[in-house]
Amino acid sequence: GVPNDDQYWPSVAQIGFQAGFVAGAVIGGLLLVTNSVNRQIASLPILRLCCHIPWIAVAAVATGTISGLFLPKLNPLGLREQMSGLLTQDELMRFMTVWSVHAGLYCGGCIGTLGSCARVWRARRYVVLRELRVLVG
């Protein structure tokens, strides 16, 4: 519960920053681990590793937008019925939209992170193959 006063938006922004910071730290850690597993394969430079981060945000925003548009109408988990006794119809629709966007952002972030980790792993293997071609060729 964020109080609905003159500090509403700064409070919401602070909560969003805190949650985003933790998610970013976890994602960064996963990318670093992916980049350092199996020391026989060369690691990517940090700047090249950072090129994979925007795709995570794109996946999260796209999935959050799509889920925000469709999930409130589909009601896959039956939240509408569970919350209908606690909220007015207008509050319920806003809650369903916010919940759907929130869930979509997390799902998209997970999908984007897995995809970025796979691309980092593939890029590391490509570096090894390129070095082998130089040695052989």
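What is the volume of the largest pocket? In this predicted model, the largest pocket has a volume of about 720 Å³. Its lining comprises 26 residues. Ala 19, Gly 20, Ala 23, Gly 24 and Ile 27 lie nearest the centre of this pocket. Helix 1, helix 2 (46–50), helix 3 and helix 5 (89–136) each contribute at least two lining residues. Helix 1 gives the most, with 13 residues. By class, 19 residues of the lining are nonpolar and seven are polar. No charged residues take part.

The second largest pocket has a volume of about 390 Å³. Among its lining residues are Tyr 8, Trp 9, Glu 91, Arg 94 and Phe 95. Helix 1 and helix 5 each supply at least two residues of this lining. The largest share, four residues, comes from helix 5. Here the lining has seven nonpolar, one polar and two charged residues.

Helix 3 covers residues 53–74. At 1.5 Å a residue, its 22 residues should span 32 Å. The end C-alpha atoms of helix 3 are 31 Å apart, which agrees. Just after helix 3, Asn 75 takes a positive phi of about 55 degrees.

Another asparagine, Asn 35, is found in helix 1 (residues 8–36). Asn 35 has a relative accessible area of 5%, so it counts as buried. Beyond residues up to four places away in sequence, Asn 35 touches Ser 43, Leu 44, Leu 49, Val 120 and Arg 124.

Technical notes
Residues are numbered from 1 along each chain as its sequence is written. This is a predicted model: local features need pLDDT of at least 70, side-chain atom pairs count only at pLDDT 80 or more; totals for chains, interfaces and linings use all residues. Side-chain values use heavy atoms; hydrogens and water are left out. The expected span of a helix is 1.5 Å times one less than its number of residues. Buried means under 20% relative accessible area, exposed over 50%, partly exposed in between (1.4 Å probe, protein chains only). Contact means heavy atoms within 4.5 Å. On a 1 Å grid over the protein atoms alone, a cavity is a set of points where a 1.4 Å probe fits but cannot get out, and a pocket is an open set with protein on both sides within 12 Å along at least five of seven lines; lining residues have an atom within 4 Å of a point. Grid points are joined across faces, edges and corners, and a volume is the space filled by probe spheres set on the points. Ala, Val, Leu, Ile, Met, Phe, Trp, Tyr, Cys and Pro count as nonpolar, Asp, Glu, Lys and Arg as charged, and the others, Gly among them, as polar.
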